[in-house]
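Subject: Structure for your review

Dear colleague,

Please find below the structure that I am handing over to you.

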Amino acid sequence: MDTVATQLKLALLAISFLFLPFLQATDFKYCGPFSSFCYIVVGNADNGGNYVVKVNGIDISPNPVVSGKPATFSISASTGQAISGGKAVIDVSYFGFHIHQETHPLCEETSCPIAAGNFVLSHNQVLPGFTPPGSYTLKMTLTGDGIPQLTCISFNFKIGFGASVFSISDA
């Protein structure tokens, strides 16, 4: 009887490891007083300084990102004031070297106007199929109409090997 209970526990443990990637939160840092530096404190909205927008969390799907496949970066945030528009500037670095920058109207990344309270900013991206695997850093700066910096955060993400990352939709 002990072997059946032990096998059941081991099976439940093995199944729980399948859900581990979905439970991992993406840590982020707020940018410091100089735009190229970020605060050391990670993932806490209370460390957002005087930013109008406080970031609550980041979800990357799939994680790791797969070259040539769509990826979604969802940033849950909150604000104490209405925001009518602005820009999202995205800078990407690979091993510390700046490799890409793009700017999007804020209202393409979320619904505008943004009312005071919680909202989600969602950015979809298909990376080229030849994007090298490894660790990347994404820095996102939000500016508003008449507000030079709504928030500024930085976070790391990984790009995996396309053939080695298994997706349920590919099955």
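I begin with Ser-74, which is in contact with Gly-57, Ile-58, Asp-59, Val-120, Leu-121 and Ser-122, leaving aside its neighbours within four places in sequence; contact means heavy atoms within 4.5 Å. The place of Ser-74 is in strand E5. Strands (E, at least two residues) and helices (H or I, at least four) are DSSP runs, numbered from the N terminus. Ser-74 and Ser-122 are 48 residues apart in sequence, and their C-alpha atoms are 4.3 Å apart in space.

Please note that this is a predicted model, in which local features need pLDDT of at least 70 and side-chain atom pairs count only at pLDDT 80 or more, while totals for chains, interfaces and linings use all residues. Residues are numbered from 1 along each chain as its sequence is written, and side-chain values use heavy atoms, with hydrogens and water left out.

Overall architecture

The secondary structure of the chain comes to 2 helices and 10 strands. From the N terminus on, the order of the elements is α-β-β-β-β-β-β-β-α-β-β-β. Of the 171 residues in the chain, 35% are buried; buried means under 20% relative accessible area, exposed over 50%, and partly exposed in between, with a 1.4 Å probe and protein chains only. Among contacts between residues at least 6 apart in sequence, 57% join residues at least 24 apart.

Ala-71 touches Ser-61, Pro-62, Val-65, His-123, Asn-124 and Gln-125, not counting residues up to four places away in sequence. Between Ala-71 and Asn-124, which are 53 residues apart in sequence, the C-alpha to C-alpha distance is 5.7 Å.

Ser-67 is found in the loop between E4 and E5. With a relative accessible area of 13%, Ser-67 is buried. Its C-alpha atom is separated by 5.9 Å from that of Pro-128, 61 residues apart along the chain. Leaving aside neighbours within four places in sequence, the contacts of Ser-67 are Leu-127, Pro-128, Gly-129, Thr-131, Ile-159 and Gly-160.

Val-52 is found in the loop between strand E2 (38-42) and E3. In sequence, Val-52 and Ser-78 are 26 residues apart; in space, they are 8.4 Å apart, C-alpha to C-alpha. Beyond its neighbours within four places in sequence, Val-52 is in contact with residues including Ser-78, Ile-83, Ile-147 and Leu-150.

The cavity

A search of the whole structure finds 1 cavity of 30 Å³ or more. Rolling a probe the size of a water molecule over the atoms shows where empty space is left. Here a cavity is a set of points, on a 1 Å grid over the protein atoms alone, where a 1.4 Å probe fits but cannot get out; lining residues have an atom within 4 Å of a point. Grid points are joined across faces, edges and corners, and a volume is the space filled by probe spheres set on the points.

The largest cavity has a volume of about 30 Å³. Its lining consists of Phe-73, Ile-75, Ile-90, His-123, Leu-138, Met-140 and Phe-155. Strand E5 (70-79) and strand E9 (134-144) each supply at least two residues of this lining. By class, the lining has 6 nonpolar, 1 polar and no charged residues. Ala, Val, Leu, Ile, Met, Phe, Trp, Tyr, Cys and Pro count as nonpolar, Asp, Glu, Lys and Arg as charged, and the others, Gly among them, as polar.

A buried charge

Glu-109 is found in helix H2 (residues 106-109). Glu-109 is buried yet has no salt bridge, and the nearest side chain of opposite charge, Lys-87, is 13 Å away. A salt bridge is a side-chain nitrogen of Lys or Arg within 4 Å of a carboxyl oxygen of Asp or Glu; Lys and Arg count as positive and Asp and Glu as negative, while His and the chain ends are not counted. Leaving aside neighbours within four places in sequence, Glu-109 is in contact with Ala-88, His-104, Val-120, Leu-121, Ser-122 and His-123.

Backbone features

The peptide bond from Asn-63 to Pro-64 is cis, with omega near 10°. Pro-64 lies in the loop between strand E3 (53-61) and strand E4 (65-66). The bond from Cys-112 to Pro-113 is likewise cis, with omega near -5°.

Yours sincerely

Note on methods. 1 Å grid on protein atoms, 1.4 Å probe; cavity = no way out; pocket = protein on both sides within 12 Å on 5 of 7 lines; lining within 4 Å.
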